[in-house]
Amino acid sequence: MWTVIYIASGEKTAESIKQKLTQEGFLVKLRQTNIAKQQYEILVPESELDEVQEVLKDILHSSHS
């Protein structure tokens with residue numbers, strides 16, 4: 001089962017996060033939302049959710065520094 005872990009505001013941001021999570025060894029999918037064309041859901045397997053959340057926090061924190 002795939003779970004949405006983050007909604008990115010733009011394809012470039014979504015691709016960047018996907019690439020970083022993939023480099024960490026996670027399976028990642030992107031899906032454009034139906035609500036807004038510029039929003040992308042980042043999905044990961046439910047079984048990896050806890051681990052991915054920790055890594056995602058680091059990724060998001062470093063991108064805002």
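Modeller: Gladly, and let me start with a definition: the expected span of a helix is 1.5 Å times one less than its number of residues. Helices here are DSSP runs of H or I with at least four residues, strands are runs of E with at least two, and both are numbered from the N terminus. This is a predicted model, where local features need pLDDT of at least 70, side-chain atom pairs count only at pLDDT 80 or more, and totals for chains, interfaces and linings use all residues. Residues are numbered from 1 along each chain as its sequence is written, and side-chain values use heavy atoms, with hydrogens and water left out.

Colleague: Thanks! How do you know what span to expect for helix 2?

Modeller: Helix 2 has 15 residues, and at 1.5 Å a residue the expected value is 21 Å. From its first C-alpha to its last, helix 2 reaches 21 Å, close to that expectation.

Colleague: Which residues of helix 2 are called buried, and what puts them on the same side?

Modeller: Buried means under 20% relative accessible area, exposed means over 50%, and partly exposed is in between, with a 1.4 Å probe and protein chains only. In helix 2, the buried ones are Val52, Val55, Leu56, Ile59 and Leu60. They cover an arc of only 140° around the axis, so they sit on the same side of helix 2; the arc is taken over the directions from the helix axis to the C-beta atoms. Asp50, Glu51, Lys57, Asp58 and His61 are exposed on the other side. The cover over the buried residues includes strand 1, helix 1 and strand 3, where contact means heavy atoms within 4.5 Å.

Colleague: What makes a set of residues a nonpolar core?

Modeller: The members must be buried Ala, Val, Leu, Ile, Met, Phe, Trp, Tyr or Cys residues, joined through side-chain atoms within 4.5 Å. The largest such core has 15 residues, and Ile5, Phe26 and Val52 are among those with the most contacts inside it. Strand 1 (2-9), helix 1 (11-23), strand 3 and helix 2 (49-63) each give two or more residues to this core. Helix 2 supplies its largest share, five residues. Leaving aside neighbours within four places in sequence, Ile5 is in contact with Ile42, Val44, Leu49, Val52, Gln53 and Leu56.

Colleague: Why is Glu41 called buried?

Modeller: Its relative accessibility is 16%, so Glu41 counts as buried. Glu41 belongs to strand 3 (residues 39-45).

Colleague: And why do Glu41 and Arg31 count as a salt bridge?

Modeller: The term asks for a side-chain nitrogen of Lys or Arg within 4 Å of a carboxyl oxygen of Asp or Glu. For Glu41 and Arg31 the N to O distance is 2.6 Å, and the two side chains meet in a salt bridge. Because Glu41 lies in strand 3 and Arg31 in strand 2 (residues 29-32), the pair ties together parts that are 10 residues apart in sequence. Arg31, at 43% relative accessibility, counts as partly exposed.

Colleague: How many salt bridges does the structure hold?

Modeller: There are two. In the other, the side chains of Glu54 and Lys57 meet at 3.4 Å, N to O. Glu54 and Lys57 are three residues apart in helix 2, so about one helical turn separates them. Glu54 is partly exposed at 47%, whereas Lys57 is exposed at 51%.
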